[in-house]
Amino acid sequence: HLSEGKRGAEPARACSAVTLAATVIMSLAALPVRAQEENADPGAPQLIPAPVSMEATDDVYAFRANSKVTVDPGHAGKRALPVAQWLASFLRTATGYPVPVAREGWGRQNQNARLGKSPRNVHLALTGDESQLGEEGYTLSVSDDGALLQAAAAEGLFRGSQTLRQLFPPEIESDSVQPGPWSLPGVNIVDYPRYEWRGAHL
């Protein structure tokens, strides 16, 4: 039989273990938030989840009735098409714009846009290089010239599209056509998964 002293110590030890576990979990959960706060630009839009880094600029991208969603020519563009088609379909609903999907290189269309020969578009590009941001990471640059979303894999493009979606006015989530205008703030964003949760053993 356990003595009264030992029996009384066991609940205390169990309580201490639970408290320690809760403290560890809360500390781990707070790490991404702290990292986001350190990299936050006070003038940048509020995004959920907050990207790893985001810089606000003075540029404004006006998404217009003749704007398109574009991908690169070639095999990389072909692999980006499913995300581009999803994004274009989403944007059509609230804007009422046709939002075609086209295979055009970003450099050429950007040059034509500056000459007034082409609209300013949303461009999705697959780099194929996972060494920097991994499969789910992406970079997003929104400027007067349009929106350029780059990722190593289609998963990164899709995640970046969700961020781009939040940069539109809230009316973009409507199930019916809204009057606009559809202006996006200028930003430079880099994002990738911070932690790969595999479970905790306590």
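Tyr61, Phe63, Tyr97 and Phe168 come together as one aromatic cluster in this predicted model. Let's look at two of its members. Phenylalanine 63 and phenylalanine 168 make an edge-to-face aromatic pair, with 5.6 Å from centre to centre and 75° between the planes. Where do these two residues, phenylalanine 63 and phenylalanine 168, sit? Phenylalanine 63 belongs to strand S1 (residues 53–63), while phenylalanine 168 lies in the loop between helix H4 (154–167) and strand S7 (182–191), so their pairing ties together parts that are 105 residues apart in sequence.

Altogether, the model has 5 aromatic pairs.

Now turn to helix H3, which covers residues 106–114. Here Trp106, Gln109, Asn110 and Ala113 are buried. Why do they share a side of H3? They cover an arc of only 100° around the axis, and this places them on the same side of the helix.

What do the buried residues of H3 pack against? Their partners are strand S2 (69–71), strand S4 (122–126) and strand S6 (146–151). Finally, follow the chain onward: after H3 comes glycine 116, with a positive phi near 80°.

How values were computed
Residues numbered from 1 in each chain as written. Predicted model: local features only at pLDDT ≥ 70, side-chain atom pairs only at ≥ 80, totals over all residues. Heavy atoms only, no water. Buried < 20%, exposed > 50% of the residue type's maximum accessible area, 1.4 Å probe, protein only. Helix = DSSP H or I, 4+ residues; strand = E, 2+ residues; numbered from the N terminus. Arc of directions from axis to C-beta. Contact = heavy atoms within 4.5 Å. Phe/Tyr/Trp six-rings, centres within 6.5 Å; stacked < 30°, edge-to-face > 60°.
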